[in-house]
Amino acid sequence: MIQCVHGVLYLSFLVAFAACNAPPVPLDDIIIEKTFVPEQCVRAVKVGDYVRYHYIGTFPDGKKFDSSYDRSSTYNVFVGKKQLIEGMDKALVGMCVNERRLVKVPPHLAYGKEGYGDIIPPDSILHFDVLLLDVWNSDDGVQINTYHTPPTCSRKVEVSDYVRYHYNGTLLDGTLFDSSHTRMRTYDTYVGIGWLIAGMDQGLLGMCVGERRIITMPPSLGYGENGDGSDIPGQASLVFDVMLLDLHNPRDGITVTNQTIPESCTRKTVAGDFVRYHYNGSLLDGTFFDSSYSRNRTYDTYVGQGYVIAGMDEGLIGVCVGERRTITIPPHLAYGEEGTGTNIPGSAVLVFDVHIIDFHNPSDSIEVTVTYKPETCDKQTKKGDFVKYHYNASLMDGTSIDSTYSYGKSYNIVLGANQVVPGMEDGLMDMCVGEKRHLVIPPHLGYGERGVIDEVPGSAVLVFDIELVDMEEGLPEGYMFIWNSEVSPDLFTEMDKNKDEQVEPSEFTDYIMRQVNEGKGRLAPGFDPYRIIDNMFSNQDRNGDGKITAAEFKLKADEAEAHDEL
(Lines give C-alpha, C1' and ligand atoms only; values in the text may rest on other atoms or scores of the structure.)
Protein backbone atom coordinates (compact mmCIF):
# COMPACT_ATOMS: atom_id res chain seq x y z
CA MET A 1 0.00 0.00 0.00
CA ILE A 2 1.31 3.57 -0.91
CA GLN A 3 1.78 5.81 2.11
CA CYS A 4 1.52 9.68 1.86
CA VAL A 5 4.60 11.32 3.38
CA HIS A 6 6.33 14.74 3.39
CA GLY A 7 10.02 15.66 3.03
CA VAL A 8 10.67 13.77 -0.21
CA LEU A 9 11.65 14.88 -3.69
CA TYR A 10 9.02 17.00 -5.44
CA LEU A 11 8.41 14.39 -8.14
CA SER A 12 7.98 11.74 -5.56
CA PHE A 13 5.62 13.99 -3.70
CA LEU A 14 3.48 14.49 -6.79
CA VAL A 15 3.32 10.74 -7.38
CA ALA A 16 2.50 10.08 -3.79
CA PHE A 17 -0.08 12.88 -3.70
CA ALA A 18 -1.79 11.50 -6.77
CA ALA A 19 -1.83 8.01 -5.35
CA CYS A 20 -3.31 9.12 -2.03
CA ASN A 21 -6.07 11.15 -3.60
CA ALA A 22 -6.96 8.88 -6.53
CA PRO A 23 -10.33 7.06 -6.28
CA PRO A 24 -10.14 3.29 -5.57
CA VAL A 25 -9.86 1.00 -8.58
CA PRO A 26 -13.40 -0.29 -9.27
CA LEU A 27 -14.09 -4.06 -9.04
CA ASP A 28 -15.50 -5.62 -12.17
CA ASP A 29 -16.44 -8.86 -10.42
CA ILE A 30 -16.28 -10.56 -7.08
CA ILE A 31 -12.91 -11.55 -5.68
CA ILE A 32 -12.69 -14.84 -3.81
CA GLU A 33 -9.90 -15.80 -1.43
CA LYS A 34 -10.14 -19.36 -0.10
CA THR A 35 -8.91 -19.13 3.48
CA PHE A 36 -9.65 -22.78 4.35
CA VAL A 37 -10.31 -25.74 2.10
CA PRO A 38 -11.22 -29.15 3.68
CA GLU A 39 -9.22 -32.21 2.66
CA GLN A 40 -12.35 -33.94 1.36
CA CYS A 41 -15.14 -32.41 -0.63
CA VAL A 42 -17.88 -34.91 -1.24
CA ARG A 43 -20.09 -32.29 -2.83
CA ALA A 44 -19.74 -28.67 -4.02
CA VAL A 45 -22.52 -26.11 -4.13
CA LYS A 46 -24.26 -25.70 -7.45
CA VAL A 47 -27.08 -23.45 -8.62
CA GLY A 48 -30.37 -24.57 -7.13
CA ASP A 49 -28.85 -26.04 -3.94
CA TYR A 50 -30.02 -25.05 -0.50
CA VAL A 51 -27.22 -23.95 1.81
CA ARG A 52 -26.69 -23.09 5.46
CA TYR A 53 -23.71 -20.89 6.23
CA HIS A 54 -22.28 -18.46 8.72
CA TYR A 55 -20.83 -15.12 7.68
CA ILE A 56 -19.39 -11.86 8.90
CA GLY A 57 -20.05 -8.81 6.69
CA THR A 58 -17.62 -5.86 6.81
CA PHE A 59 -16.70 -2.78 4.80
CA PRO A 60 -13.22 -2.53 3.30
CA ASP A 61 -12.07 -0.55 6.35
CA GLY A 62 -12.99 -3.53 8.56
CA LYS A 63 -16.15 -2.07 10.06
CA LYS A 64 -18.73 -4.80 10.62
CA PHE A 65 -22.22 -4.22 9.31
CA ASP A 66 -23.74 -7.69 9.86
CA SER A 67 -23.01 -11.17 11.22
CA SER A 68 -24.97 -14.43 11.42
CA TYR A 69 -22.92 -15.32 14.49
CA ASP A 70 -24.45 -12.40 16.36
CA ARG A 71 -27.87 -13.94 15.75
CA SER A 72 -26.68 -17.43 16.75
CA SER A 73 -28.27 -18.76 13.60
CA THR A 74 -26.97 -19.73 10.19
CA TYR A 75 -28.20 -18.05 7.06
CA ASN A 76 -30.30 -20.52 5.08
CA VAL A 77 -31.16 -19.94 1.44
CA PHE A 78 -31.38 -21.37 -2.08
CA VAL A 79 -28.40 -20.49 -4.28
CA GLY A 80 -28.86 -18.95 -7.70
CA LYS A 81 -32.53 -18.12 -7.25
CA LYS A 82 -32.06 -14.37 -6.55
CA GLN A 83 -32.68 -14.80 -2.85
CA LEU A 84 -29.24 -13.25 -2.27
CA ILE A 85 -27.31 -10.31 -3.64
CA GLU A 86 -25.85 -11.30 -6.99
CA GLY A 87 -22.27 -11.32 -5.73
CA MET A 88 -23.09 -13.79 -2.92
CA ASP A 89 -25.08 -15.97 -5.29
CA LYS A 90 -21.93 -16.27 -7.40
CA ALA A 91 -19.54 -16.60 -4.44
CA LEU A 92 -21.27 -19.63 -2.91
CA VAL A 93 -21.17 -21.75 -6.07
CA GLY A 94 -18.44 -24.38 -5.88
CA MET A 95 -18.03 -24.20 -2.11
CA CYS A 96 -17.59 -27.35 -0.02
CA VAL A 97 -18.94 -27.99 3.45
CA ASN A 98 -16.50 -26.55 6.03
CA GLU A 99 -14.79 -24.44 3.35
CA ARG A 100 -14.11 -20.84 4.33
CA ARG A 101 -13.95 -17.96 1.83
CA LEU A 102 -13.24 -14.24 2.00
CA VAL A 103 -15.45 -12.67 -0.68
CA LYS A 104 -15.16 -9.07 -1.96
CA VAL A 105 -18.32 -7.93 -3.72
CA PRO A 106 -18.44 -4.75 -5.87
CA PRO A 107 -21.44 -2.41 -5.48
CA HIS A 108 -23.11 -3.38 -8.74
CA LEU A 109 -23.21 -7.00 -7.49
CA ALA A 110 -24.33 -5.93 -4.03
CA TYR A 111 -26.66 -3.02 -3.10
CA GLY A 112 -25.53 -0.65 -5.88
CA LYS A 113 -26.13 3.07 -5.86
CA GLU A 114 -29.08 2.84 -3.51
CA GLY A 115 -27.37 1.02 -0.68
CA TYR A 116 -29.43 -0.62 2.01
CA GLY A 117 -31.13 1.79 4.37
CA ASP A 118 -28.93 3.15 7.12
CA ILE A 119 -26.77 0.02 7.16
CA ILE A 120 -25.03 -0.02 3.78
CA PRO A 121 -24.25 3.30 2.03
CA PRO A 122 -24.61 3.66 -1.77
CA ASP A 123 -21.80 2.27 -3.94
CA SER A 124 -20.35 0.19 -1.10
CA ILE A 125 -17.86 -2.61 -1.61
CA LEU A 126 -18.75 -5.42 0.76
CA HIS A 127 -16.50 -8.06 2.31
CA PHE A 128 -17.94 -11.36 3.50
CA ASP A 129 -16.14 -13.99 5.60
CA VAL A 130 -18.19 -17.10 4.73
CA LEU A 131 -18.16 -20.59 6.35
CA LEU A 132 -20.33 -23.19 4.59
CA LEU A 133 -22.00 -25.69 6.97
CA ASP A 134 -24.56 -27.51 4.89
CA VAL A 135 -25.71 -28.11 1.33
CA TRP A 136 -28.55 -30.14 -0.12
CA ASN A 137 -30.93 -30.13 -3.01
CA SER A 138 -34.68 -30.58 -3.21
CA ASP A 139 -34.10 -33.62 -5.39
CA ASP A 140 -31.82 -35.30 -2.85
CA GLY A 141 -32.76 -38.62 -1.29
CA VAL A 142 -31.01 -40.82 1.22
CA GLN A 143 -27.36 -41.46 0.43
CA ILE A 144 -25.77 -44.67 1.72
CA ASN A 145 -22.07 -45.40 1.96
CA THR A 146 -21.30 -48.90 3.27
CA TYR A 147 -17.74 -48.98 4.58
CA HIS A 148 -17.73 -52.37 6.29
CA THR A 149 -19.49 -55.52 5.14
CA PRO A 150 -19.39 -58.69 7.29
CA PRO A 151 -18.01 -61.85 5.64
CA THR A 152 -21.37 -63.61 5.96
CA CYS A 153 -24.87 -62.19 5.77
CA SER A 154 -27.67 -64.69 6.14
CA ARG A 155 -30.35 -62.04 6.38
CA LYS A 156 -30.88 -58.33 5.63
CA VAL A 157 -33.16 -55.76 7.23
CA GLU A 158 -36.66 -55.65 5.77
CA VAL A 159 -39.75 -53.59 6.49
CA SER A 160 -41.30 -54.45 9.89
CA ASP A 161 -38.05 -55.97 11.22
CA TYR A 162 -36.93 -55.02 14.71
CA VAL A 163 -33.33 -53.84 14.90
CA ARG A 164 -30.77 -52.89 17.51
CA TYR A 165 -28.00 -50.56 16.34
CA HIS A 166 -25.40 -48.09 17.52
CA TYR A 167 -24.95 -44.73 15.84
CA ASN A 168 -23.21 -41.37 15.89
CA GLY A 169 -25.37 -38.56 14.54
CA THR A 170 -23.71 -35.44 13.13
CA LEU A 171 -24.59 -32.47 11.03
CA LEU A 172 -23.00 -32.22 7.60
CA ASP A 173 -20.13 -30.14 8.99
CA GLY A 174 -19.30 -32.89 11.52
CA THR A 175 -20.97 -31.36 14.56
CA LEU A 176 -22.07 -34.21 16.84
CA PHE A 177 -25.68 -33.91 17.99
CA ASP A 178 -26.33 -37.39 19.38
CA SER A 179 -24.74 -40.80 19.95
CA SER A 180 -26.00 -44.11 21.28
CA HIS A 181 -22.42 -44.90 22.31
CA THR A 182 -22.42 -42.13 24.93
CA ARG A 183 -25.57 -43.63 26.43
CA MET A 184 -23.93 -47.09 26.34
CA ARG A 185 -27.02 -48.72 24.93
CA THR A 186 -28.27 -49.49 21.47
CA TYR A 187 -31.18 -47.81 19.75
CA ASP A 188 -33.92 -50.41 19.38
CA THR A 189 -36.85 -49.97 17.01
CA TYR A 190 -39.00 -51.30 14.20
CA VAL A 191 -37.94 -50.35 10.68
CA GLY A 192 -40.13 -49.09 7.86
CA ILE A 193 -43.33 -48.54 9.83
CA GLY A 194 -42.88 -44.89 10.83
CA TRP A 195 -41.15 -45.27 14.17
CA LEU A 196 -38.08 -43.45 12.80
CA ILE A 197 -37.46 -40.35 10.71
CA ALA A 198 -38.05 -41.19 7.07
CA GLY A 199 -34.36 -41.10 6.11
CA MET A 200 -33.39 -43.59 8.78
CA ASP A 201 -36.33 -45.83 7.92
CA GLN A 202 -34.94 -45.98 4.39
CA GLY A 203 -31.27 -46.05 5.30
CA LEU A 204 -31.47 -49.13 7.51
CA LEU A 205 -33.13 -51.33 4.91
CA GLY A 206 -30.88 -53.97 3.43
CA MET A 207 -28.33 -53.89 6.24
CA CYS A 208 -26.64 -57.03 7.56
CA VAL A 209 -25.75 -57.64 11.19
CA GLY A 210 -22.21 -56.36 11.65
CA GLU A 211 -22.47 -53.97 8.69
CA ARG A 212 -21.37 -50.35 9.06
CA ARG A 213 -22.67 -47.60 6.85
CA ILE A 214 -22.92 -43.82 6.59
CA ILE A 215 -26.50 -42.67 6.02
CA THR A 216 -26.84 -39.06 4.81
CA MET A 217 -30.25 -37.50 4.45
CA PRO A 218 -31.64 -34.08 3.51
CA PRO A 219 -33.79 -32.23 6.07
CA SER A 220 -36.98 -33.25 4.25
CA LEU A 221 -36.20 -36.82 5.36
CA GLY A 222 -34.85 -35.73 8.74
CA TYR A 223 -36.26 -33.05 11.04
CA GLY A 224 -37.34 -30.58 8.34
CA GLU A 225 -37.66 -26.83 8.62
CA ASN A 226 -37.93 -26.70 12.40
CA GLY A 227 -35.23 -29.15 13.43
CA ASP A 228 -35.66 -30.99 16.71
CA GLY A 229 -35.90 -27.86 18.83
CA SER A 230 -32.54 -28.39 20.52
CA ASP A 231 -29.43 -29.83 18.90
CA ILE A 232 -30.58 -30.12 15.29
CA PRO A 233 -31.25 -26.80 13.55
CA GLY A 234 -33.94 -26.36 10.96
CA GLN A 235 -33.18 -27.32 7.36
CA ALA A 236 -30.19 -29.40 8.44
CA SER A 237 -28.81 -32.37 6.57
CA LEU A 238 -28.11 -35.28 8.90
CA VAL A 239 -25.32 -37.85 8.82
CA PHE A 240 -25.60 -41.12 10.78
CA ASP A 241 -22.68 -43.51 11.20
CA VAL A 242 -24.55 -46.76 11.91
CA MET A 243 -23.43 -50.21 13.07
CA LEU A 244 -26.15 -52.89 13.05
CA LEU A 245 -25.94 -55.29 15.99
CA ASP A 246 -29.17 -57.26 15.89
CA LEU A 247 -32.13 -58.01 13.70
CA HIS A 248 -35.29 -60.07 13.99
CA ASN A 249 -38.93 -60.09 13.08
CA PRO A 250 -41.78 -60.70 15.54
CA ARG A 251 -42.91 -63.52 13.28
CA ASP A 252 -39.57 -65.32 13.57
CA GLY A 253 -39.18 -68.75 15.11
CA ILE A 254 -35.93 -70.37 16.10
CA THR A 255 -33.37 -71.21 13.45
CA VAL A 256 -31.19 -74.33 13.63
CA THR A 257 -27.96 -74.31 11.60
CA ASN A 258 -24.47 -75.81 11.56
CA GLN A 259 -25.71 -79.24 12.51
CA THR A 260 -23.11 -81.96 13.01
CA ILE A 261 -24.91 -85.26 13.56
CA PRO A 262 -22.97 -88.34 14.66
CA GLU A 263 -23.05 -91.37 12.38
CA SER A 264 -24.81 -93.44 15.02
CA CYS A 265 -28.00 -91.94 16.39
CA THR A 266 -30.32 -94.57 17.81
CA ARG A 267 -32.49 -92.09 19.63
CA LYS A 268 -33.43 -88.41 19.55
CA THR A 269 -34.69 -86.22 22.36
CA VAL A 270 -38.40 -85.80 22.98
CA ALA A 271 -40.32 -83.61 25.41
CA GLY A 272 -39.78 -84.81 28.95
CA ASP A 273 -36.21 -86.00 28.42
CA PHE A 274 -33.44 -84.82 30.71
CA VAL A 275 -30.53 -83.42 28.71
CA ARG A 276 -26.93 -82.61 29.58
CA TYR A 277 -25.28 -80.23 27.13
CA HIS A 278 -22.49 -77.72 26.74
CA TYR A 279 -23.04 -74.35 25.11
CA ASN A 280 -21.50 -71.03 24.18
CA GLY A 281 -23.99 -68.17 24.19
CA SER A 282 -23.52 -64.96 22.20
CA LEU A 283 -25.50 -62.09 20.78
CA LEU A 284 -26.10 -61.84 17.05
CA ASP A 285 -23.10 -59.56 16.59
CA GLY A 286 -20.84 -62.15 18.24
CA THR A 287 -20.71 -60.57 21.70
CA PHE A 288 -20.16 -63.40 24.18
CA PHE A 289 -22.44 -63.53 27.22
CA ASP A 290 -22.20 -67.02 28.76
CA SER A 291 -20.65 -70.46 28.45
CA SER A 292 -21.04 -73.76 30.27
CA TYR A 293 -17.42 -74.54 29.32
CA SER A 294 -16.21 -71.65 31.49
CA ARG A 295 -17.89 -73.30 34.47
CA ASN A 296 -16.43 -76.69 33.51
CA ARG A 297 -19.79 -78.40 33.81
CA THR A 298 -22.72 -79.13 31.54
CA TYR A 299 -26.09 -77.44 31.71
CA ASP A 300 -28.59 -80.08 32.82
CA THR A 301 -32.34 -79.71 32.37
CA TYR A 302 -35.60 -81.22 31.24
CA VAL A 303 -36.65 -80.20 27.74
CA GLY A 304 -40.09 -79.38 26.44
CA GLN A 305 -41.42 -78.64 29.91
CA GLY A 306 -40.64 -74.94 30.43
CA TYR A 307 -37.48 -75.31 32.48
CA VAL A 308 -35.50 -73.24 29.95
CA ILE A 309 -36.39 -70.32 27.65
CA ALA A 310 -38.96 -71.26 25.02
CA GLY A 311 -36.50 -71.15 22.12
CA MET A 312 -34.08 -73.50 23.83
CA ASP A 313 -36.92 -75.79 24.85
CA GLU A 314 -37.78 -76.12 21.19
CA GLY A 315 -34.20 -76.21 19.90
CA LEU A 316 -33.22 -79.16 22.08
CA ILE A 317 -35.97 -81.41 20.76
CA GLY A 318 -34.93 -83.98 18.17
CA VAL A 319 -31.20 -83.99 18.91
CA CYS A 320 -28.83 -86.95 19.15
CA VAL A 321 -26.14 -87.60 21.72
CA GLY A 322 -22.95 -86.05 20.34
CA GLU A 323 -24.82 -83.71 18.01
CA ARG A 324 -23.68 -80.12 17.61
CA ARG A 325 -26.00 -77.37 16.42
CA THR A 326 -26.38 -73.61 16.42
CA ILE A 327 -29.73 -72.41 17.73
CA THR A 328 -30.67 -68.80 16.95
CA ILE A 329 -33.50 -67.56 19.15
CA PRO A 330 -35.50 -64.32 18.66
CA PRO A 331 -36.12 -62.27 21.82
CA HIS A 332 -39.82 -63.16 22.13
CA LEU A 333 -38.68 -66.78 22.59
CA ALA A 334 -35.78 -65.78 24.86
CA TYR A 335 -35.57 -62.93 27.39
CA GLY A 336 -37.93 -60.50 25.64
CA GLU A 337 -37.86 -56.72 25.84
CA GLU A 338 -36.31 -56.66 29.31
CA GLY A 339 -33.32 -58.93 28.75
CA THR A 340 -31.62 -60.25 31.87
CA GLY A 341 -30.63 -56.88 33.27
CA THR A 342 -26.94 -57.82 33.14
CA ASN A 343 -25.26 -59.31 30.10
CA ILE A 344 -28.24 -59.83 27.80
CA PRO A 345 -29.83 -56.58 26.60
CA GLY A 346 -33.52 -56.20 25.97
CA SER A 347 -34.91 -57.38 22.62
CA ALA A 348 -31.72 -59.30 21.88
CA VAL A 349 -31.48 -62.25 19.50
CA LEU A 350 -29.47 -65.04 21.12
CA VAL A 351 -27.18 -67.55 19.45
CA PHE A 352 -26.30 -70.80 21.22
CA ASP A 353 -23.66 -73.22 19.94
CA VAL A 354 -24.77 -76.44 21.59
CA HIS A 355 -23.08 -79.83 22.05
CA ILE A 356 -25.31 -82.63 23.35
CA ILE A 357 -23.42 -84.75 25.89
CA ASP A 358 -26.19 -87.13 26.91
CA PHE A 359 -29.88 -87.44 27.64
CA HIS A 360 -32.30 -89.85 29.24
CA ASN A 361 -35.88 -90.09 30.34
CA PRO A 362 -36.95 -90.71 33.94
CA SER A 363 -38.91 -93.70 32.68
CA ASP A 364 -35.82 -95.27 31.07
CA SER A 365 -34.56 -98.65 32.19
CA ILE A 366 -31.14 -100.10 31.60
CA GLU A 367 -30.28 -100.98 28.01
CA VAL A 368 -28.49 -104.31 27.66
CA THR A 369 -26.83 -105.39 24.44
CA VAL A 370 -25.12 -108.78 24.34
CA THR A 371 -21.97 -108.36 22.26
CA TYR A 372 -20.61 -111.89 22.79
CA LYS A 373 -22.03 -115.09 24.23
CA PRO A 374 -20.14 -118.40 24.55
CA GLU A 375 -21.57 -121.47 22.83
CA THR A 376 -21.99 -123.36 26.10
CA CYS A 377 -23.69 -121.69 29.02
CA ASP A 378 -24.55 -124.14 31.83
CA LYS A 379 -25.03 -121.58 34.54
CA GLN A 380 -26.33 -118.03 34.52
CA THR A 381 -25.83 -115.47 37.20
CA LYS A 382 -28.57 -114.82 39.72
CA LYS A 383 -29.09 -112.89 42.92
CA GLY A 384 -26.66 -113.97 45.63
CA ASP A 385 -23.97 -115.20 43.24
CA PHE A 386 -20.44 -113.97 43.69
CA VAL A 387 -19.30 -112.67 40.29
CA LYS A 388 -16.00 -111.43 38.93
CA TYR A 389 -16.01 -109.19 35.90
CA HIS A 390 -14.00 -106.66 33.93
CA TYR A 391 -15.40 -103.39 32.68
CA ASN A 392 -14.65 -100.24 30.74
CA ALA A 393 -16.80 -97.35 31.96
CA SER A 394 -17.45 -94.12 30.08
CA LEU A 395 -19.94 -91.33 29.63
CA MET A 396 -22.22 -91.11 26.62
CA ASP A 397 -19.85 -88.75 24.84
CA GLY A 398 -17.06 -91.30 25.12
CA THR A 399 -15.27 -89.74 28.08
CA SER A 400 -13.53 -92.56 29.95
CA ILE A 401 -14.39 -92.90 33.64
CA ASP A 402 -12.69 -96.08 34.81
CA SER A 403 -11.46 -99.48 33.70
CA THR A 404 -10.59 -102.64 35.62
CA TYR A 405 -8.12 -103.55 32.90
CA SER A 406 -5.93 -100.67 33.99
CA TYR A 407 -5.74 -102.24 37.49
CA GLY A 408 -4.99 -105.70 36.19
CA LYS A 409 -7.71 -107.34 38.29
CA SER A 410 -11.41 -107.96 38.06
CA TYR A 411 -14.17 -106.26 40.00
CA ASN A 412 -15.87 -108.71 42.39
CA ILE A 413 -19.33 -108.34 43.94
CA VAL A 414 -22.25 -110.31 45.32
CA LEU A 415 -25.30 -109.82 43.13
CA GLY A 416 -28.23 -108.36 45.00
CA ALA A 417 -26.12 -107.10 47.90
CA ASN A 418 -26.25 -103.41 46.81
CA GLN A 419 -22.53 -103.34 46.24
CA VAL A 420 -22.90 -101.61 42.86
CA VAL A 421 -25.41 -99.21 41.30
CA PRO A 422 -28.82 -100.73 40.50
CA GLY A 423 -28.22 -100.59 36.77
CA MET A 424 -25.12 -102.72 37.08
CA GLU A 425 -26.97 -105.20 39.29
CA ASP A 426 -29.54 -105.62 36.52
CA GLY A 427 -26.93 -105.73 33.77
CA LEU A 428 -25.03 -108.60 35.41
CA MET A 429 -28.07 -110.82 35.85
CA ASP A 430 -28.49 -113.99 33.75
CA MET A 431 -24.94 -113.84 32.37
CA CYS A 432 -22.69 -116.72 31.44
CA VAL A 433 -18.99 -116.85 32.26
CA GLY A 434 -17.21 -115.44 29.21
CA GLU A 435 -20.21 -113.40 28.08
CA LYS A 436 -19.75 -109.73 27.09
CA ARG A 437 -22.37 -107.00 27.30
CA HIS A 438 -22.80 -103.32 26.51
CA LEU A 439 -24.82 -101.54 29.20
CA VAL A 440 -26.38 -98.06 29.04
CA ILE A 441 -27.47 -97.01 32.51
CA PRO A 442 -29.65 -93.92 33.11
CA PRO A 443 -28.62 -91.76 36.09
CA HIS A 444 -31.54 -92.82 38.31
CA LEU A 445 -30.12 -96.35 38.06
CA GLY A 446 -26.54 -95.04 38.26
CA TYR A 447 -25.12 -92.27 40.41
CA GLY A 448 -28.14 -89.96 40.30
CA GLU A 449 -28.20 -86.20 40.36
CA ARG A 450 -25.07 -85.89 42.49
CA GLY A 451 -22.76 -88.20 40.57
CA VAL A 452 -19.35 -88.94 42.03
CA ILE A 453 -17.10 -85.98 42.83
CA ASP A 454 -14.32 -85.57 40.26
CA GLU A 455 -15.34 -88.81 38.53
CA VAL A 456 -18.95 -88.95 37.38
CA PRO A 457 -20.97 -85.77 36.66
CA GLY A 458 -24.41 -85.43 38.19
CA SER A 459 -27.32 -86.84 36.15
CA ALA A 460 -24.91 -88.61 33.81
CA VAL A 461 -25.85 -91.59 31.68
CA LEU A 462 -23.23 -94.31 32.10
CA VAL A 463 -21.90 -96.76 29.53
CA PHE A 464 -20.27 -100.03 30.64
CA ASP A 465 -18.68 -102.68 28.45
CA ILE A 466 -18.50 -105.70 30.76
CA GLU A 467 -17.08 -109.23 30.56
CA LEU A 468 -17.97 -111.91 33.13
CA VAL A 469 -14.77 -113.84 33.94
CA ASP A 470 -15.87 -116.04 36.85
CA MET A 471 -18.77 -116.74 39.18
CA GLU A 472 -19.45 -118.68 42.37
CA GLU A 473 -22.95 -119.78 43.04
CA GLY A 474 -24.52 -118.03 45.99
CA LEU A 475 -26.74 -119.37 48.72
CA PRO A 476 -30.52 -119.33 48.62
CA GLU A 477 -31.96 -115.89 49.30
CA GLY A 478 -31.80 -115.02 52.98
CA TYR A 479 -29.08 -117.55 53.88
CA MET A 480 -25.51 -116.79 54.85
CA PHE A 481 -24.61 -120.40 55.69
CA ILE A 482 -26.00 -123.74 54.59
CA TRP A 483 -25.18 -127.39 55.25
CA ASN A 484 -24.09 -129.52 52.36
CA SER A 485 -24.83 -132.72 54.25
CA GLU A 486 -27.04 -133.94 57.04
CA VAL A 487 -26.81 -131.86 60.17
CA SER A 488 -25.25 -133.64 63.12
CA PRO A 489 -27.80 -134.36 65.84
CA ASP A 490 -25.20 -133.48 68.45
CA LEU A 491 -24.04 -130.07 67.20
CA PHE A 492 -23.80 -128.41 70.59
CA THR A 493 -21.63 -131.16 72.05
CA GLU A 494 -19.33 -131.11 69.02
CA MET A 495 -18.91 -127.34 69.38
CA ASP A 496 -18.36 -127.42 73.13
CA LYS A 497 -14.79 -128.57 72.84
CA ASN A 498 -13.81 -127.93 76.46
CA LYS A 499 -17.03 -129.52 77.71
CA ASP A 500 -18.01 -126.62 80.00
CA GLU A 501 -21.67 -126.71 78.85
CA GLN A 502 -21.30 -123.48 76.90
CA VAL A 503 -19.92 -122.52 73.51
CA GLU A 504 -17.57 -119.58 73.34
CA PRO A 505 -17.00 -117.48 70.15
CA SER A 506 -13.67 -119.14 69.37
CA GLU A 507 -15.20 -122.60 69.65
CA PHE A 508 -18.10 -121.58 67.44
CA THR A 509 -15.81 -120.04 64.80
CA ASP A 510 -13.42 -123.00 64.75
CA TYR A 511 -16.27 -125.43 64.29
CA ILE A 512 -17.98 -123.55 61.43
CA MET A 513 -14.71 -122.99 59.57
CA ARG A 514 -13.88 -126.71 59.93
CA GLN A 515 -17.23 -127.65 58.40
CA VAL A 516 -16.62 -125.27 55.50
CA ASN A 517 -13.09 -126.53 54.91
CA GLU A 518 -14.28 -130.13 54.96
CA GLY A 519 -17.08 -129.34 52.50
CA LYS A 520 -19.84 -130.10 54.94
CA GLY A 521 -21.16 -126.51 54.89
CA ARG A 522 -20.99 -123.34 52.82
CA LEU A 523 -20.76 -119.70 53.72
CA ALA A 524 -22.26 -117.06 51.42
CA PRO A 525 -19.49 -116.23 48.90
CA GLY A 526 -18.13 -112.73 48.53
CA PHE A 527 -18.45 -111.75 52.19
CA ASP A 528 -15.98 -111.77 55.07
CA PRO A 529 -16.48 -115.30 56.54
CA TYR A 530 -15.60 -114.20 60.06
CA ARG A 531 -18.17 -111.43 60.01
CA ILE A 532 -20.78 -113.94 58.88
CA ILE A 533 -19.80 -116.32 61.67
CA ASP A 534 -19.83 -113.48 64.24
CA ASN A 535 -23.34 -112.62 63.08
CA MET A 536 -24.41 -116.26 63.35
CA PHE A 537 -23.00 -116.44 66.88
CA SER A 538 -24.83 -113.26 67.92
CA ASN A 539 -28.09 -114.68 66.64
CA GLN A 540 -27.62 -117.80 68.80
CA ASP A 541 -26.44 -115.86 71.86
CA ARG A 542 -29.97 -114.89 72.90
CA ASN A 543 -29.07 -113.10 76.10
CA GLY A 544 -25.99 -111.40 74.65
CA ASP A 545 -23.60 -112.61 77.34
CA GLY A 546 -20.99 -113.75 74.83
CA LYS A 547 -21.72 -117.44 75.36
CA ILE A 548 -24.18 -119.93 73.90
CA THR A 549 -25.81 -122.41 76.23
CA ALA A 550 -27.64 -125.57 75.29
CA ALA A 551 -30.90 -123.80 76.06
CA GLU A 552 -30.05 -120.99 73.64
CA PHE A 553 -28.90 -123.36 70.98
CA LYS A 554 -31.64 -124.30 68.56
CA LEU A 555 -31.71 -125.81 65.14
CA LYS A 556 -32.67 -123.59 62.24
CA ALA A 557 -35.69 -125.81 61.69
CA ASP A 558 -37.08 -124.60 64.98
CA GLU A 559 -37.24 -121.02 63.67
CA ALA A 560 -38.10 -120.83 59.99
CA GLU A 561 -36.83 -117.24 59.59
CA ALA A 562 -33.58 -117.66 61.47
CA HIS A 563 -31.45 -117.98 58.32
CA ASP A 564 -28.16 -117.21 60.03
CA GLU A 565 -28.76 -119.67 62.84
CA LEU A 566 -28.03 -123.33 63.05
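1. In this predicted model, the largest pocket is lined by 27 residues. Lying nearest its centre are Ser154, Val209, Leu284, Thr328 and Val351. The volume of this pocket is about 720 Å³.

2. Strands contribute to that lining: E12 (238–248), E13 (255–260), E14 (274–283), E17 (324–329) and E18 (350–360) each supply at least two residues. E12 gives the largest share, four residues.

3. Have a look at Gln235 too, in the loop between strand E11 (212–217) and E12. Gln235 is not a glycine, yet its phi is positive, about 60°. Most residues other than glycine have a negative phi. With a relative accessibility of 15%, Gln235 counts as buried, the cut-off being under 20%.

4. Asp123 is another non-glycine residue with a positive phi, about 55°. You will find Asp123 in the loop between strand E5 (100–105) and strand E6 (126–136). Its relative accessibility is 44%, so Asp123 counts as partly exposed.

5. Now to helix H9, residues 529–540. Its 12 residues reach 17 Å from first C-alpha to last, close to the expected 16 Å. At the start of H9, a side-chain oxygen of Asp528 comes to within 3.1 Å of the backbone nitrogen of Tyr530.

6. Which residues of H9 are buried? They are Ile532, Ile533, Met536, Phe537 and Gln540. Viewed down the axis of H9, these buried residues fall within an arc of 140°, so they line one face of the helix. Their cover includes helix H8 (505–517) and the strands E25 (481–483), E26 (502–503), E27 (521–523) and E28 (548–549).

Key: Residues are numbered from 1 along each chain as its sequence is written. This is a predicted model: local features need pLDDT of at least 70, side-chain atom pairs count only at pLDDT 80 or more; totals for chains, interfaces and linings use all residues. Side-chain values use heavy atoms; hydrogens and water are left out. The expected span of a helix is 1.5 Å times one less than its number of residues. Buried means under 20% relative accessible area, exposed over 50%, partly exposed in between (1.4 Å probe, protein chains only). The arc is that of the directions from the helix axis to the C-beta atoms. Contact means heavy atoms within 4.5 Å. A polar contact is a pair of N or O atoms within 3.5 Å; within protein, one must be able to donate a hydrogen and the other to accept it, and residues adjacent in sequence count only if both atoms are side-chain atoms. On a 1 Å grid over the protein atoms alone, a cavity is a set of points where a 1.4 Å probe fits but cannot get out, and a pocket is an open set with protein on both sides within 12 Å along at least five of seven lines; lining residues have an atom within 4 Å of a point. Grid points are joined across faces, edges and corners, and a volume is the space filled by probe spheres set on the points.
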